[in-house]
Amino acid sequence: MRSPTTSGPIIIVGAGGFGREVLDIVEAINVSGGDIDFLGFVDDGDVDEGLLHRRSSKLLGPSSIVVHLAAKYVIGIGSGEIRRRLATEFDSLGAEAAILVHPAATIGGDSHLSPGCIVAAGARVTTNIRLGRHTQLHVNSTVGHDSTLSDFVSVYPGATVSGNVTLAHGVTIGTGANVLPGRSVGASSMVGAGAVVTRDVEPDSTVVGSPARCL
Ligand SMILES: CC(C)(COP(=O)(O)OP(=O)(O)OC[C@H]1O[C@@H](n2cnc3c(N)ncnc32)[C@H](O)[C@@H]1OP(=O)(O)O)[C@@H](O)C(=O)NCCC(=O)NCCS
């Protein structure tokens, strides 16, 4: 499919480790012929500005300035709950979220990405997949056919979401975890790193191990 990546002025909310990984995505998109004008980071916490300087970027200010900037935003923060809180505030004030897809990721046919989605290098999205608002696919994660990932879902590096899977609002799939075909993970649940989800997971649960069981 044609890349859904946004062009024009963009800011990244969150100047921590994942925020700077998102800058990698922006830079890779531009090297591949994209046209993103990266203005800088916003962050409400302590920021190592030296790290930003080394990336020829800067801190623009706290998140309250997002709505005053003539730019779309993406949230480079791994926590779905923090993304939900920030995006709810920004969107209520009329800010517009961008979509970023690394050129070394693939998006299959008949798949749909919602505003705020970030797809990192090596991630694979096959066919008939829905990614909700501010959902993130981190490096080398995969999502199989006919799966639905709701809003504020995070799929961490190397995790595998099989076909026909449903991940509800705010789910996190830890690094290297596997969700078997057709399973559902309930809202706000956390699948621990390396877990194998063989049965549906209830909302607000944390599961670990193979087969995955509640902590
Ligand atoms: C599952 C998880 C959320 C639990 O975190 P937590 O609530 O702080 O749990 P703790 O570290 O206190 O561990 C509690 C117990 O669960 C075990 N445990 C924790 N994570 C585990 C995992 N992924 N698989 C198996 N066991 C795990 C611990 O060994 C500990 O066992 P013990 O009580 O017998 O000593 C976390 O360990 C995890 O896997 N997070 C995913 C992180 C990730 O993928 N980050 C990627 C960022 S890019």
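Is Glu81 buried, partly exposed or exposed? Glu81 counts as partly exposed, at 45% relative accessibility. The points below concern a predicted model.

1. Glu81 and its partner. Glu81 is paired with Arg84 in a salt bridge, with 2.7 Å between the closest N and O atoms. Both residues belong to helix α3, which covers residues 80–92, and because they are three residues apart they are separated by about one helical turn. Arg84 is partly exposed too, its relative accessibility being 30%.

2. A second pair involving helix α3. Asp91 forms a salt bridge with Arg133, and the closest N and O atoms are 2.6 Å apart. Asp91 lies in helix α3, whereas Arg133 sits in the loop between β10 (130–131) and β11 (136–137), so this pair ties together parts that are 42 residues apart in sequence. Arg133 has a relative accessibility of 28% and counts as partly exposed. Asp91 is also partly exposed, at 28%.

3. A salt bridge joins the side chains of Asp24 and Arg55, at 2.6 Å from N to O. Asp24 is part of helix α1 (residues 17–31) and Arg55 belongs to the loop between α2 (49–54) and β3 (59–61), so the bridge ties together parts that are 31 residues apart in sequence. Asp24 is partly exposed, with a relative accessibility of 37%. Arg55 is partly exposed as well, with a relative accessible area of 22%; the cut-off for buried is under 20%.

4. Over the whole structure, the search finds seven salt bridges. As a general point, side chains of opposite charge can pair when their charged atoms come close.

5. The residues around the ligand are Tyr156, Pro157, Gly174, Thr175, Met190, Gly192, Ala193, Thr206, Val208 and Leu215. This shell divides into six nonpolar and four polar residues, with no charged residue.

6. Taken alone, the ligand exposes 910 Å², of which the protein buries 37%.

How values were computed. Residues are numbered from 1 along each chain as its sequence is written. This is a predicted model: local features need pLDDT of at least 70, side-chain atom pairs count only at pLDDT 80 or more; totals for chains, interfaces and linings use all residues. Side-chain values use heavy atoms; hydrogens and water are left out. A residue is near a molecule or strand if one of its heavy atoms lies within 4 Å of it. Accessible areas come from the Shrake-Rupley method with a 1.4 Å probe; for residues, only the protein chains shown count as cover. Ala, Val, Leu, Ile, Met, Phe, Trp, Tyr, Cys and Pro count as nonpolar, Asp, Glu, Lys and Arg as charged, and the others, Gly among them, as polar. A salt bridge is a side-chain nitrogen of Lys or Arg within 4 Å of a carboxyl oxygen of Asp or Glu. Helices (H or I, at least four residues) and strands (E, at least two) are DSSP runs, numbered from the N terminus. Buried means under 20% relative accessible area, exposed over 50%, partly exposed in between (1.4 Å probe, protein chains only).
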